[in-house]
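Please view the sequence and the structure together, and then read the sections in order.

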Amino acid sequence: MHNKNHVQDIYDKQGELLGIYLSKDVWEMAGDRLKPILEQALQDLQGPKKGKDVKEPLEDWELLKKHWDFKYELTSYVYCENCGNTSYDWESDDPRKFKLSAANLGGLVAFRCLSCGAKVIKRHFKDYIKVEVDPPK
């Protein structure tokens, strides 16, 4: 390159690299080729989206079902108050509408809504179920 200002390393006061500056000219020449690489790097930094790549704790869910002893039936119904996404049987949905993110013998069952990313928490008590929905962050 003719001008060393087209690509510059940017450092903080301690000498740590903060990033790289690309001039408009360089971006116009290489931007279309760089965008897919940068988008993939950003996805890798952010981690899984909406729980898509996180393993579901299905063994914990099966253990809860096996030891269920409350007077009411354990249901597979899940509803997201944030976006209205509904499943009458989250396990058999294809494609899935909700992804199990937690289950335990204490009766807590949590899901990630795959439509909006909200967290749906079902707390099973002896006589009732309390449902909470945390909007996506």
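## A nonpolar surface patch

V7, Y11, L17, I20, L22, W27 and L38 make a nonpolar surface patch of about 620 Å². Accessible areas come from the Shrake-Rupley method with a 1.4 Å probe, and for residues only the protein chains shown count as cover.

At least two residues of the nonpolar patch come from each of strand 1, strand 2 and helix 1 (24–46). Strand 2 gives the most, with 3 residues, and L17 is found in strand 2.

## Basis of the model

The model is predicted: local features need pLDDT of at least 70, side-chain atom pairs count only at pLDDT 80 or more, and totals for chains, interfaces and linings use all residues. Residues are numbered from 1 along each chain as its sequence is written, and side-chain values use heavy atoms, with hydrogens and water left out.

## The chain as a whole

The secondary structure comprises 2 helices and 8 strands, in the order β-β-α-α-β-β-β-β-β-β along the sequence. Helices (H or I, at least four residues) and strands (E, at least two) are DSSP runs, numbered from the N terminus.

Of the 137 residues, 28% count as buried, where buried means under 20% relative accessible area, exposed over 50%, and partly exposed in between (1.4 Å probe, protein chains only). The accessible surface of the chain is about 10100 Å², and 52% of this belongs to carbon and sulfur atoms. Among contacts (heavy atoms within 4.5 Å) between residues at least 6 apart in sequence, 35% join residues at least 24 apart.

Strand 1 (residues 7–11) and strand 2 (residues 17–22) run antiparallel and are joined by 5 bridges; two strands pair if DSSP finds at least two bridges between them. D9 stands opposite I20 in strand 2. The two strands form a hairpin with 5 residues between them, and G15 in the turn has a positive phi of about 90°.

In helix 1 lies D25, which counts as partly exposed because its relative accessibility is 43%. The C-alpha atoms of D25 and H6 are separated by 7.4 Å, although these residues are 19 apart along the chain.

## The largest nonpolar core

A nonpolar core is a set of buried Ala, Val, Leu, Ile, Met, Phe, Trp, Tyr and Cys residues joined through side-chain atoms within 4.5 Å. The largest one has 18 residues, of which W61, C80, W90, F98, L100, F111 and V120 touch the most other members. Helix 2, strand 5 (98–103) and strand 6 (108–113) each supply at least two residues of this core.

Leaving aside residues up to four places away in sequence, L100 touches E56, P57, L58, W61, W90, V109, A110 and F111.

## Loops

S76 lies in the loop between helix 2 (58–66) and strand 3 (78–79). S76 counts as buried because its relative accessibility is 16%. Beyond residues up to four places away in sequence, S76 touches W61, S87, Y88, D89, W90 and E91.

P95, in the loop between strand 4 (86–87) and strand 5, is joined to D94 by a cis peptide bond with omega of about 5°. G106 occupies the loop between strand 5 and strand 6 and is exposed, with a relative accessible area of 61%.

Conventions
Patch = residues over 30% accessible without salt bridge, like charges linked within 9 Å, V, L, I, M, F, W, Y side chains within 5 Å. Salt bridge = Lys/Arg side-chain N within 4 Å of Asp/Glu carboxyl O.
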